[in-house]
Amino acid sequence: MTPTPTELGFTCNAVRADPYAAGPTLVFRLRVTAGADVRVHALALRCQLRIEPARRDYSGTEAQGLADLFGERSRWGNTLQPVQFAQVSVMVPSFTGETEIDLVVPCTYDMDIASTRYFNALEDGEAPLLMLFSGTAFTGAGGFRVEPVPWDREASYRLPATVWREMVEQHFPGCGWLRLPRDTMAELLAFRSRHSLASWEATVRALLDAAAPEPPSEPLRLGTVLPRVTVSERTAP
C-alpha cells in the first residue's frame, strides 16, 4: 500500500532585521507543520520569496517612485506584476508534529535591483510577500522515507516597510548605495585624484555643481540705471 504523503504546511509569523549580520539581512520566523505526531527526521527546504504589488494601495508619492518599475498608474492593470525578491535554502532539523525555524534572507540595497527599488518607494504600510516552498522531506516513524515537498505549498506575509528601513539604516545610516561599471569608477577615481577631493561625496557634488545650469539673468526693469561706460576716441596717427 502506498504510504500517505505528509501534509506539510508553512506559516510566517514574524520578521526582524538582524543587527549582527555582515550585510543587510531579514530573519523570517517560519512555522512548519506535518500533522499531529508525524515524525520528520529532516527537511531540506527551498523558499522563493516574491513581492505581490497588486495586493496593496499606493499614495501619489509612492506611485511616482514606482513609475520606473510599473509605468504610469493608468497602466498598472497590466504592469503590476510580481517582483522576484529572494531565493534561499534552509535545513530544518528533526521534529514531531510542528516546529519553528528562522529563515535567514540576505538582502541588498543595490538600486539596480527591482525589489530594492520597490521597498525604497514605500512610505509606510506593508509589502505583500508570497513564499513558495519546495524541497525534500525525510519522514517516517520506524525508519525513514524520502518524499518531495509539494509544489503548491505557500504562505503569505506582509512585511512592514519600517522593518526594511530599519535594516537598511543599520548598514547604510543616512546613505544610499550605487553600483557602477569599473570603467566609470576608474574615471571617477581619476577625477577625484586630479582635483584632490577628500571624499566620494565631494567628488559627486563637484560634478553636480559643474553640470548645474547657469541661473537665468533677470530682465531689466523700467527705471533701472545702467552703469556709465566711458568711450575714449582714438586719435589718428
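A residue is called buried when its relative accessible area is under 20%, exposed when it is over 50%, and partly exposed in between, with a 1.4 Å probe and protein chains only. Helices (H or I, at least four residues) and strands (E, at least two) are DSSP runs, numbered from the N terminus. The model is predicted, and local features need pLDDT of at least 70, side-chain atom pairs count only at pLDDT 80 or more, and totals for chains, interfaces and linings use all residues. Residues are numbered from 1 along each chain as its sequence is written, and side-chain values use heavy atoms, with hydrogens and water left out.

Helix 4 is a place to start. In this helix, Ser115, Thr116, Arg117, Tyr118, Phe119 and Ala121 are buried. Helix 4 covers residues 114-121, and because six of its eight residues are buried, it is largely enclosed by the rest of the structure.

The strands come next. Two strands pair if DSSP finds at least two bridges between them. By this rule, three strands form an open sheet in the order 1-2-6, with antiparallel pairing. Strand 1 (9-17) and strand 6 stand at the edges with a single partner strand each, so one side of each has no neighbour in the sheet. On average, neighbouring strands of this sheet are turned by 25° against each other, direction ignored; the axes behind this angle are lines fitted to C-alpha atoms (for helices, over the stretch in contact), and angles run from 0 to 180 degrees between N-to-C directions.

Eight bridges join strand 1 to strand 2 in the antiparallel sense. Within this pairing, Phe10 stands opposite Val32 of strand 2, and Cys12 stands opposite Leu30 of strand 2. On the side of strand 6, strand 2 has nine bridges, again antiparallel. Here Leu30 has Ile101 of strand 6 as its bridge partner.

The term stands for a side-chain nitrogen of Lys or Arg within 4 Å of a carboxyl oxygen of Asp or Glu. Side chains of opposite charge can pair when their charged atoms come close. Glu100 and Arg29 form such a bridge, with their closest N and O atoms 3.2 Å apart. Glu100 belongs to strand 6 (residues 98-106) and Arg29 to strand 2 (residues 25-33), so that the pair links parts of the chain 71 residues apart. Glu100 is partly exposed at a relative accessible area of 38%, and Arg29 is also partly exposed, at 30%. Both residues belong to a salt-bridge network that links Arg16, Arg29, Glu100 and Asp102.

In total, the rule gives 13 salt bridges. One of them joins the side chains of Glu147 and Arg145, at 3.5 Å from N to O. Glu147 is buried, with a relative accessible area of 9%, whereas Arg145 is partly exposed at 31%.

Ser89 lies in strand 4 (residues 83-92). This serine is exposed, with a relative accessible area of 58%.

Rolling a probe the size of a water molecule over the atoms shows where empty space is left. On a 1 Å grid over the protein atoms alone, a pocket is an open set of points where a 1.4 Å probe fits, with protein on both sides within 12 Å along at least five of seven lines, and a lining residue has an atom within 4 Å of a point. The volume of the largest pocket is about 320 Å³, taken as the space filled by probe spheres set on the points, which are joined across faces, edges and corners. Its lining consists of Cys175, Gly176, Trp177, Leu178, Leu180, Met185, Leu188, Trp200 and Val204. Helix 6 (182-194) and helix 7 (200-211) are the elements that give two or more residues to this lining.

By class, the lining has eight nonpolar residues, one polar and no charged; Ala, Val, Leu, Ile, Met, Phe, Trp, Tyr, Cys and Pro count as nonpolar, Asp, Glu, Lys and Arg as charged, and the others, Gly among them, as polar. Helix 7 also holds Arg205 and Asp209, four residues apart, or about one turn of the helix. Their side chains meet in a salt bridge of 3.9 Å, N to O, and Arg205 is partly exposed at 48% relative accessibility.
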